[in-house]
Structure formats: C-alpha cells, structure tokens
Amino acid sequence: MKRARNGVLSGAEGQSGFASLAFPLVLWVAVVAGVVVIDAGAYVVAAARAQTAADAAALAAAASAAPMIAPSAQRQAEQAAVVNGARVEYCDCAGGGDQVRVEVSVAVAGLLVPHLGATRVTAEATAQLRRPAGLSPTGGLGDVFGSAGSG
Amino acid sequence: MSIIPPAQRWRKSDGSAALESVMVLPVVAVIVAALVAVAGIITDLVILHDGARTGARAAATTTSQRVVVDAVEAALPEFAHVAVNVSPQHRSPGTPVTVEVAATRSLGPVEHTLTARASAITEPVIDSSWTP
C-alpha cells in the first residue's frame, strides 16, 4: 500500500491491495466463527445428553422403590447414567421417600471449550413414584411415572 | 524517473478494489454457507436426541416395538423418515434398554446420516398401552 506524501492515503492507491488485507481477515473471522459454532454445538449436544441421562437416572431411582426391583436407588441411578454416557454427581435417593433428585454430568467434546474449564455439563432431574390409589406404599404393582425437569 | 499525472494514476488502479472484492466475496459466501450448514446439523442432532429420549422412555414402559417407533415418529415430525432400533427387543424390569434413532438429511448434493442414542432402565411394570 502506498502512502501519499502527507501521510493520507490517496483515493485509488488506498484501494489497491484490498484483497490482500481482506482475505486473511476473512479467514481469521471464519476460523473463529467455526470454532464458536462447533464448540457451542458440542455444548448443546452434551447438555441434551446430560438431560436425557438425568431423566433416566431419576426415573430409574424412583422405580427402584417398587418392590420388584432389588438394587438400591443409588445403584439404579448410576446404571442409568452410565448407559447414557454420564456420571452421577449427586443423588438424593434417601430410602423411604417417594421422590428422588439426581444430578449427572456429561463430558463436553469441543475444540476450545474443554480447555477453558467447561469440561463437563451437568443436568438435574426429579422423579416421583406415584402408586395407584388403594395400594399400600410398600405393596402391589404400582405404576411408575416420572416427572423430570432441568435444573 | 517519470511522473505519472494524477488522472492517469486513477485510470490505472480504477476498479481494482471492485475486482478484489469479487474475488473475496465467493469465499465469504462459502464460509457463511458452511457455518449455517454446521448449525443446521447441530440443530438436527439435538432434535434427533430428543426423539431418542422419547423412544427410550417408551421402551422402558412398554413391551411393544410398534409403540416405541410411533412415539419416536411422533416426536420427530421434522424428519420424513427415521430408522428406530431398540435393543434388546425383549426386556425385563431393571435392565437397560437402548433406543437408537437415525435420520438422513441432504445438504445440497451431499447426504449425511445423523444418529442419536438414549438409554433407560426398564421399569417394574411394563405395559403395552403406553401413550406419549
């Protein structure tokens, strides 16, 4: 790029070399935008997977309160989380209650986000065991329904 | 050394910026199109995952494969055709069941298949009359 004697770019000379300046700039912006899109996508997909795992873990833990399932609620929640590629971070699965709250985490697979500290994304779900009317809390073949919500 | 008159200098470089812009703009267009395509794939993936989750929930509460497929298809109206795979097909209470959903999307001339998978623990009382 040429400069006029007084330091101000002259009209036509200032425009020459526009592509040589713009092309690296466009490439740089494209690379940054690509990383942002891929990382945001990886985070969103991981969040969806975490919510699925949390829902499944909470429902499994609540279902374990039914008499047909022998393993504890905690173990059932962990099994449901593992098959969904997640890890149980917290399980409010105290025996005796009909409601469980589970928090799980899933690893984030991104280009830059994991190196910035966001290695895992968490999700929370709550499930409640509802027994049909007329059955005692510890007996009968109760139907299990779950209600889950993100935390 | 000859001195070029200002008017001649203008003529010499006139249009060079426009020409260079024409060279850069297709590159920008391709990059923007690629980013939009990637965002679309990610959106499809999340929607597909939601369908898989619905299928896993259905599979955990029913013994019927048809009910699972119907639940997935009802959850994914955006896709014309989805392939649903439930494993294991015969499930018992307390065991994991996995639902894998695959759908094809065309990106211009290129077709790509997206898959999503979700699992659930089969519930104590499974019923074939599950409604999503």
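1. In this predicted model, the buried residues of helix α3 of chain B are Val67(B), Val68(B), Ala71(B), Val72(B) and Ala75(B). They cover an arc of only 135 degrees around the axis, and they therefore sit on the same side of α3(B). On the other side of this helix, Arg66(B) and Ala74(B) are exposed.

2. What does α3(B) lie across? The helix, which spans residues 65–75, lies across β1 and β2 of chain B, and its direction makes an angle of about 140 degrees with β1(B).

3. The loop that precedes this helix deserves a look of its own. Thr63(B) is found there, in the loop between α2 (16–61) and α3 of chain B.

4. Of its 132 residues, 29% count as buried. Among the contacts in chain B with a separation of 6 or more, 61% are between residues 24 or more positions apart.

5. The strands of chain B form an open sheet of three, in the order β1-β2-β3 and with antiparallel pairing. At its edges are β1 (82–87) and β3 (110–121) of chain B, each of which pairs on one side only, and the twist from one strand to the next averages 15 degrees.

6. Which form does the peptide bond from Ser87(B) to Pro88(B) take? This bond is cis, with omega near -5 degrees, and Pro88(B) lies in the loop between β1 and β2 of chain B.

7. Turning to chain A, one finds there too an open sheet of three strands, in the order β1-β2-β3 and with antiparallel pairing. Strands β1 (87–92) and β3 of chain A stand at the edges with a single partner strand each, so that one side of each is left without a neighbour in the sheet. Direction ignored, neighbouring strands of this sheet are turned by 20 degrees against each other on average. Between β2 of chain A, residues 99–107, and β3(A) there are nine bridges in the antiparallel sense, and the bridge partner of Glu103(A) in β3(A) is Glu124(A).

8. Helix α3 of chain A, residues 73–83, is mostly covered, with eight of its eleven residues buried. These are Ala73(A), Gln76(A), Ala77(A), Glu78(A), Gln79(A), Ala80(A), Ala81(A) and Val83(A). After the helix comes Gly85(A), whose phi is positive, near 70 degrees.

9. Which strands does α3(A) lie across within its own chain and in chain B? In chain A, the helix lies across β1 and β2, running at about 150 degrees to β1(A). In chain B, α3(A) lies across β2 and β3, running at about 170 degrees to β3(B).

10. Confidence in chain A calls for some care. Its mean pLDDT is 75, and 67% of its residues reach 70 or more. Among the elements of this chain, helix α1 (residues 11–15) has the lowest mean pLDDT, 49, whereas strand β3 (residues 120–128) has the highest, 91. Over residues 1–13 of chain A the pLDDT is below 50, and beyond near neighbours in sequence this stretch has eleven contacts in the model. The pLDDT is also below 50 over residues 135–151 of chain A, a stretch for which the model has 42 contacts beyond near neighbours in sequence.

Notes:
Residues are numbered from 1 along each chain as its sequence is written. Chains are lettered from A and ligands numbered from 1 in the order in which they are written. This is a predicted model: local features need pLDDT of at least 70, side-chain atom pairs count only at pLDDT 80 or more; totals for chains, interfaces and linings use all residues. A residue is buried if 20 or more other C-beta atoms lie within 10 Å of its own, exposed if 12 or fewer, and partly exposed in between; C-beta atoms are placed from the backbone. Helices (H or I, at least four residues) and strands (E, at least two) are DSSP runs, numbered from the N terminus. pLDDT is the predictor's confidence in each residue, from 0 to 100. Two residues are in contact if their C-beta atoms, placed from the backbone, lie within 7 Å. Two strands pair if DSSP finds at least two bridges between them. Axes are lines fitted to C-alpha atoms, for helices over the stretch in contact, and angles run from 0 to 180 degrees between N-to-C directions. The arc is that of the directions from the helix axis to the C-beta atoms.
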